[in-house]
Amino acid sequence: MKLTFDEIEDDKIFEELTASYFRELKESPDNNITDVIVKETGEGTDGGRDILIEFNLSDDIKVFKRKWVIQCKFREDSVSPSHLKAINIPTLIHSYNAQGYLLVCKTRATSGVTDLFERLNEQCKDSYHYECWNGSQFLSKLILQEKIQELFFPDYYEYIQTFKK
């Protein structure tokens with residue numbers, strides 16, 4: 001059995017899974033994150049919520065903050081620019097006083113989205129950052145999160161536990 005999004009029932013649970021992933025990051029000894037604040041906004045025009053992540057990071061001299069706006073797309077098909085057309089992403093980032101935007105897809109983004117993000121990263125390199133995680137990238141991060149597996153992927157978690165006994 002492999003970890004898939006088959007146990008995730010809908011977009012609301014996918015959003016909560018994403019928020020939970022970021023809440024768990026501060027527990028990892030592999031980074032310099034001193035705190036993670038997850039704020040979920042009200043429902044937007046596309047039916048989803050924006051997730052705001054504030055990281056307190058330490059570079060051993062000073063703690064500094066970084067804020068990201070995260071949007072999730074729980075679609076069976078690839079996410080295209082038309083799925084993002086209701087959003088002016090730079091304005092969204094600016095309105096939250098964030099440094100970047102992360103799109104988390106259940107499957108993948110089309111080349112239109114990745115090309116758009118590449119252009120935005122090039123044009124806005126001194127102000128904002130634009131990233132996209134496809135489903136397999138996100139799953140590769142979740143595979144290391146046992147607490148999240150137990151909560152959101154109970155069948156997979158139970159299967160994996162049989163090998164630990």
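Two strands pair if DSSP finds at least two bridges between them. Strands (E, at least two residues) and helices (H or I, at least four) are DSSP runs, numbered from the N terminus.

Now, the model. It is predicted: local features need pLDDT of at least 70, side-chain atom pairs count only at pLDDT 80 or more, and totals for chains, interfaces and linings use all residues. Residues are numbered from 1 along each chain as its sequence is written, and side-chain values use heavy atoms, with hydrogens and water left out.

Start with the hairpin of strand 2 and strand 3. It has 4 residues between the strands, and D60 takes a positive phi near 70 degrees. Strand 2 covers residues 49–58. Strand 3 covers residues 63–73, and the two run antiparallel, joined by 8 bridges. Take N56: its bridge partner in strand 3 is K65.

Is strand 2 mostly covered or open? Mostly covered. 9 of its 10 residues are buried, meaning under 20% relative accessible area; exposed is over 50%, and partly exposed is in between (1.4 Å probe, protein chains only).

Next, the inside. A nonpolar core is a set of buried Ala, Val, Leu, Ile, Met, Phe, Trp, Tyr and Cys residues joined through side-chain atoms within 4.5 Å. The largest one has 30 residues, and L17, F22 and L142 touch the most other members. Helix 1 gives the largest share, 6 residues. Apart from this core lies another, of 20 residues, including I89 and Y128.

Last, M1. It sits in the segment before helix 1 (11–25). M1 counts as exposed because its relative accessibility is 54%.
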